[in-house]
Amino acid sequence: MELSHLNQQGEANMVDVTDKAVTSRTAIAEGFVRMNADTLQLIADKGHKKGDVFAVARIAGIQGAKKCADLIPLCHPLALSKVQIDFEILPEQQSVRVEAMCKLSGQTGVEMEALTAVSVATLTLFDMCKAVDPGMQIDGIRVLHKQGGKSGVWKA
């Protein structure tokens, strides 16, 4: 297996996608924020004094996806056509599941944008709730699904 972000001298290198076909590409990623049951209930009841934490985290996740190339050095700047951030309260696991879907028509995939969206959304949930629950944990960030390009469909 060859690492595409290294040139023949082993130096960091931005991959040349000039000759790649423009195709519809989608990636879905997820992550979890584990917290106290009281914190989870506060979020579910929309009772947090800072306001609707999901609304703020949704906007943050969308912004994160759009800024991916500014954060990850060798990512291509992409013209995303859709970013969707969804939240699921999981009372049994005392956690919030965050899912991000990124989509475009382009020459390279959007996995990093989906992962960045999930990362920023989970960090925002943490930031919004840290005063009431400083022991929260962010984990399980991963790509669930990607499609498009010559590699086709991949699922975790």
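**Contacts, burial and salt bridges, term by term**

Biologist: Which residues is Thr23 in contact with, leaving aside neighbours within four places in sequence?

Modeller: Thr23 is in contact with Leu104, Ser105, Gly106, Gly148 and Gly149, where contact means heavy atoms within 4.5 Å. This is a predicted model, in which local features need pLDDT of at least 70 and side-chain atom pairs count only at pLDDT 80 or more, while totals for chains, interfaces and linings use all residues. Residues are numbered from 1 along each chain as its sequence is written, and side-chain values use heavy atoms, with hydrogens and water left out.

Biologist: Why is Thr23 called partly exposed?

Modeller: Its relative accessible area is 25%. Buried means under 20%, exposed over 50%, and partly exposed in between (1.4 Å probe, protein chains only), so Thr23 is partly exposed.

Biologist: What makes Thr23 and Arg25 a polar contact?

Modeller: Their side chains are joined at 3.2 Å. A polar contact is a pair of N or O atoms within 3.5 Å; within protein, one must be able to donate a hydrogen and the other to accept it, and residues adjacent in sequence count only if both atoms are side-chain atoms. Arg97 and Glu30 also have a side-chain polar contact, of 2.7 Å.

Biologist: Why does Arg97 count as buried?

Modeller: The relative accessibility of Arg97 is 16%, so Arg97 counts as buried. Glu30, at 6%, is therefore buried as well.

Biologist: What makes Arg97 and Glu88 a salt bridge?

Modeller: The N to O distance between their side chains is 3.8 Å. A salt bridge is a side-chain nitrogen of Lys or Arg within 4 Å of a carboxyl oxygen of Asp or Glu, so the pair Arg97 and Glu88 qualifies. Salt bridges with shared partners join Glu30, Glu88, Arg97, Glu99 and Arg142 into one network.

Biologist: How do you know that Glu30 and Arg142 meet in a salt bridge?

Modeller: Their N to O distance is 2.8 Å. The two residues lie 112 residues apart, Glu30 in strand S1 and Arg142 in strand S4 (residues 137-147); strands (E, at least two residues) and helices (H or I, at least four) are DSSP runs numbered from the N terminus.

Biologist: Which residues have the most contacts inside the largest nonpolar core?

Modeller: They are Ile85, Phe87, Val96 and Leu125, in a core of 29 residues. Such a core is a set of buried Ala, Val, Leu, Ile, Met, Phe, Trp, Tyr and Cys residues joined through side-chain atoms within 4.5 Å. Helix H4 gives its largest share, eight residues.
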